[in-house]
Amino acid sequence: MAAALFPLLPLADFMPGQEADCFALLTAKELLTTRDHKPYYKVTFRDARREVSFPLWADSAFYANCRDHWQPGMHYKLRATYKETAYGPQLDIQKLRPVTDKDRQDGFDPWMCIPRSRFNSERMFAELCDLVREKVTTPALRDLTLALLQRHQTALLALPAATKNHHAYVGGFLEHVVSVTRTAVYLAEKYDAYYSELIPRLRVELVVAGAVLHDIGKLQEIELTPQGAQYTSAGALIGHMVQGRDLVRDAAVEFSLPADLQLRLEHIILSHQRLPEWGSPKPPMTPEAYLVHYADDIDAKMNMLAEALSNPAETGPLTSKKNRLFQQLYKGPGPDSGAAPDASLLDLPTVE
């Protein structure tokens with residue numbers, strides 16, 4: 001009878017006013033105070049497709065339990081009512097407990113609360129390898145690039161592109177790198193034809209290899225856990241650009257990459273974020289490095305923009321500034337202004 005009254009649903013499927021059970025990940029617990037200096041907790045629960053942040057007031061029946069026992073990074077089974085309020089989505093919790101092994105019988109999986117790319121990782125990986133085979137003509141550069149992809153294929157199929165800023169979900173690395181490489185191919189071929197008098201001439205294959213490998217150091221910078229992407233110790237202390245350069249430098253010896261080509265490829269990796277405060281020790285200083293930087297930058301920013309414009313909690317013609325770009329964005333009137341971007345318009349591989 002209880003199961004019929006309170007169905008077990010994904011948090012993302014709750015309708016306004018609906019009371020149901022769900023499994024969710026507690027991602028944040030922040031102690032704050034009201035204007036009257038009364039304490040409360042701001043807590044955030046999520047599944048793979050929805051995140052809900054809301055206050056837990058001091059007079060709540062769950063306040064002491066939250067204070068003493070709730071831990072971000074832990075999974076819980078909740079019975080709650082989902083509400084749409086003027087302050088955004090909220091949960092009115094009736095019951096809550098940590099998940100147990102018995103919950104697996106009801107479909108709980110430690111990885112179920114991790115967002116995933118809309119696109120098939122195997123197809124994205126195959127397309128990336130095909131672009132390298134088609135566009136990179138120097139055997140040593142082609143073989144080096146393919147080897148770094150193929151040796152780390154298993155990790156790359158799941159790797160996020162970041163911990164939070166852009167493409168921060170399973171498969172996000174490949175989604176980002178495929179998109180960056182497509183843009184880089186277009187820009188490189190366009191400007192090679194437009195400025196054919198450059199000395200030395202713009203090297204399209206170097207742009208392609210640089211685009212494919214610009215974030216390869218994230219293999220060592222980021223690890224995927226059931227709580228989401230997290231920095232490794234090496235990632236926090238060194239960063240992905242230096243680690244990516246090191247991966248390329250080691251492979252360059254194995255594949256006998258010519259010294260000047262190796263230097264230019266390393267420069268693309270080290271300069272692709274352009275500014276020291278973003279982690280780059282040097283700004284782009286070659287045409288190839290400039291093209292990879294701008295292809296990378298626009299793809300990251302478009303992902304942030306798409307996330308902000310797709311937020312169903314943002315109503316009205318303008319978003320708030322609470323997004324990755326830290327600025328208001330214009331949505332415009334109409335019922336479809338907050339719709340998610342159409343995968344076909346992005347021209348990425350078929351959605352699973």
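# Questions on a predicted model

Student: Where does Phe326 lie, and is Phe326 buried or exposed?
Tutor: In this predicted model, Phe326 lies in the loop between H12 and helix H13 (343-346). Its phi is near 55 degrees, a positive value in a residue other than glycine. The cut-off for exposed is over 50% relative accessible area. At 68% relative accessibility, Phe326 is therefore exposed.

Student: His167 also has a positive phi; is His167 buried or exposed?
Tutor: Phi of His167 is near 50 degrees, and this residue is not glycine. Most residues other than glycine have a negative phi. His167 sits in the loop between H5 and H6. Its relative accessible area is 3%, and buried means under 20%, so His167 is buried.

Student: Which residues does the cis peptide bond join?
Tutor: Most peptide bonds are trans. The bond in question has an omega of about -10 degrees. Its proline, Pro200, is placed in the loop between H6 and H7. The residues joined by this cis bond are Ile199 and Pro200.

Student: How many helices and strands does the protein have?
Tutor: The C-alpha trace spans about 70 × 45 × 40 Å along its principal axes, and 46% of the 352 residues are buried. Among contacts with a separation of 6 or more, 57% are between residues 24 or more positions apart. The secondary structure comprises 13 helices and seven strands.

Student: What span should helix H4 have, and how far apart are its end C-alpha atoms?
Tutor: Helix H4 covers residues 139-151, which is 13 residues.

Student: Which helices do the buried residues of H4 pack against?
Tutor: The buried residues of H4 are Ala140, Leu141, Leu144, Thr145, Leu146, Ala147, Leu148 and Leu149. One of them, Leu149, is in contact with Phe125, Leu128, Cys129, Val132, Leu156 and Val212, leaving aside its neighbours within four places in sequence. The buried residues of H4 pack against H3 (121-135), H5 (153-158), H7 (204-213), H10 (240-254) and H11 (259-271).

Student: What is the bridge partner of Ile222 in E7?
Tutor: Strands E6 (residues 222-225) and E7 (residues 228-231) run antiparallel and are joined by four bridges. They form a hairpin with two residues between them. The partner of Ile222 is Tyr231.

Student: Which helix gives the most to the lining of the second largest pocket?
Tutor: This pocket has a volume of about 610 Å³. Of its 27 lining residues, Asn165, His166, Gln273, Trp278 and Met304 are the closest to its centre. Helix H8 (218-221) and H12 each supply at least two residues of the lining. The most, six residues, comes from H12.

Notes. Residues are numbered from 1 along each chain as its sequence is written. This is a predicted model: local features need pLDDT of at least 70, side-chain atom pairs count only at pLDDT 80 or more; totals for chains, interfaces and linings use all residues. Side-chain values use heavy atoms; hydrogens and water are left out. The expected span of a helix is 1.5 Å times one less than its number of residues. Buried means under 20% relative accessible area, exposed over 50%, partly exposed in between (1.4 Å probe, protein chains only). Contact means heavy atoms within 4.5 Å. Two strands pair if DSSP finds at least two bridges between them. On a 1 Å grid over the protein atoms alone, a cavity is a set of points where a 1.4 Å probe fits but cannot get out, and a pocket is an open set with protein on both sides within 12 Å along at least five of seven lines; lining residues have an atom within 4 Å of a point. Grid points are joined across faces, edges and corners, and a volume is the space filled by probe spheres set on the points.
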